[in-house]
Amino acid sequence: MSGPLDGKVAVVTGGGSGIGLAIASRLAADGAAVAVLDLNGDAADAAAASVKADGGEAIGLAVDVTDRAGVEAAVAAVVDQLGAPTILVNNAGLPQFGSFLKLDLDTWHRVIDVNLTGAFHCCQVVIPHMIEAGTGRIVNISSSSAQGGQQLMAAYVSSKAGMIGLTKSLALEFGRKGITVNTIPPGFIDTPMLRESDAQGQLGPGIDDAIARTPVRRVGRPEDIAAAAAFLARDDASYITGQVIGVNGGRNT
Ligand code: NAP
C-alpha cells in the first residue's frame, strides 16, 4: 500500500475490536506497517490477517497493556519485525457502570490501570523510539464522557479525564522533540463495547433514542474515529498538539 503514512510503523492497542480495529485498518491503508496489540491474541492475529489480506503490512501481538514487561516485550518484537514505531494509538479500554457508593476499590484500580496506566506504559516504552527518530505521533482515545461527566461511570470517566491530562502534559514536554500528542474523545460509536452496554441496559433509553438526540442523526462508526486518528498521525499534522479533537456527531460541542 502507498499513502501519507508510507514507511511509518504504528502501534495500536486494543486493535482487535471496534475502534482500534478500524484505526489499525485505516493506518495500514494509509501506508503504515501496523502492530495490533490486544488482550485477545486471536483478535489481534485476525486483525493483522485482515490488514494483510487487504495488501497492508501488520503483525498481531497478545498483550495486556497493564503488564509493563509484556508491553516492553511487545514493542521489542515490533522493532524487530516491523521497525521502530513512531505512531502510537492508545485505544485499549474497558467500560464501567454502577453507583459510585457501590464502586469497589478493585474495580476502580482495574479501570484506571487499563484505561490510563496502560497508556502510561505504552508511552514510556515507545517515546524513546520517537525521540531517536526525531518524530512521533501519539493519539490517545479518551471519551466524550470525560468532557461533561457521566453519572454512574465515575471510574471510567476519571480514567478518561486522566487521558486528557496525560495528553496535554506529554504534548508540552515532547513538542520540542518533534512528537505530537493529541486525544480523540469518541462519542457514541457503534462497537462491541457499545452494543454490550446497550444489551445490559446501561444506555438508558437505548441507541435509537440517542440517535434522535444526536445532531447528525446517526450513531458514530469506528471509521469516523479512524479517519481523525489517521489525520493526526500524518507528517502534515505537526502543528496540532495537546488538543482534544471531538468526534461525536455534535453530541458535545
Ligand atoms: P471494544 O470493541 O471493546 O474494543 C476494546 C479492545 O480493547 C478490545 O479488543 C479489548 O480486548 C481490548 N482491551 C481491553 N483491555 C485490554 C488490555 N488490558 N490490554 C490490551 N487490550 C485490551 O471497545 P471500543 O468501543 O472499540 O472502545 C475502544 C476505545 O474507545 C476504548 O478505550 C473506549 O473506552 C473508547 N470509547 C469508546 C466509545 C464508544 O462509543 N464505543 C466512546 C468513548 C470512548 P477484549 O475484547 O479481549 O477485552
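In this predicted model, the shell around the ligand is made up of 14 nonpolar, 9 polar and 4 charged residues. That shell counts 27 residues, and those that come closest to the ligand are S17, D38, Y156, I189 and T191.

**Polar contacts and cover of the ligand**

- T191, which is among the residues closest to the ligand, places a polar side-chain atom 2.5 Å from an oxygen atom of the ligand.
- The side chain of D64 has an N or O atom at 2.9 Å from a nitrogen atom of the ligand, whereas in the case of L39 a backbone N or O atom lies 3.2 Å from a ligand nitrogen atom.
- On its own the ligand has 890 Å² of accessible area, and the protein covers 87% of this area.

**Helices in the ligand shell**

- Four helices, namely α1 (18-29), α4, α6 (154-174) and α7 (192-199), each contribute at least two residues to the shell around the ligand.
- The largest share of that shell comes from α7, which supplies 3 residues.

**The largest cavity**

- The largest cavity holds about 40 Å³ of space, and its lining consists of T13, V65, N90, N91, A92, V114, N115, G118, A119, C122 and M163.
- Helix α4, spanning residues 105-133, provides the largest share of this lining with 5 residues; α4 is also one of the helices that supply at least two residues of the shell around the ligand.
- By residue class, the lining of the largest cavity comprises 6 nonpolar and 5 polar residues, with no charged residue among them.

**The second largest cavity**

- About 30 Å³ of space is found in the second largest cavity, which is lined by K8, T86, I87, T135, G136, R137, A233 and D235.
- Charged residues do occur in the lining of the second largest cavity, where 3 are charged, 3 are polar and 2 are nonpolar.

Technical notes:
Residues are numbered from 1 along each chain as its sequence is written. This is a predicted model: local features need pLDDT of at least 70, side-chain atom pairs count only at pLDDT 80 or more; totals for chains, interfaces and linings use all residues. Side-chain values use heavy atoms; hydrogens and water are left out. On a 1 Å grid over the protein atoms alone, a cavity is a set of points where a 1.4 Å probe fits but cannot get out, and a pocket is an open set with protein on both sides within 12 Å along at least five of seven lines; lining residues have an atom within 4 Å of a point. Grid points are joined across faces, edges and corners, and a volume is the space filled by probe spheres set on the points. Ala, Val, Leu, Ile, Met, Phe, Trp, Tyr, Cys and Pro count as nonpolar, Asp, Glu, Lys and Arg as charged, and the others, Gly among them, as polar. A residue is near a molecule or strand if one of its heavy atoms lies within 4 Å of it. A polar contact is a pair of N or O atoms within 3.5 Å; within protein, one must be able to donate a hydrogen and the other to accept it, and residues adjacent in sequence count only if both atoms are side-chain atoms. Accessible areas come from the Shrake-Rupley method with a 1.4 Å probe; for residues, only the protein chains shown count as cover.
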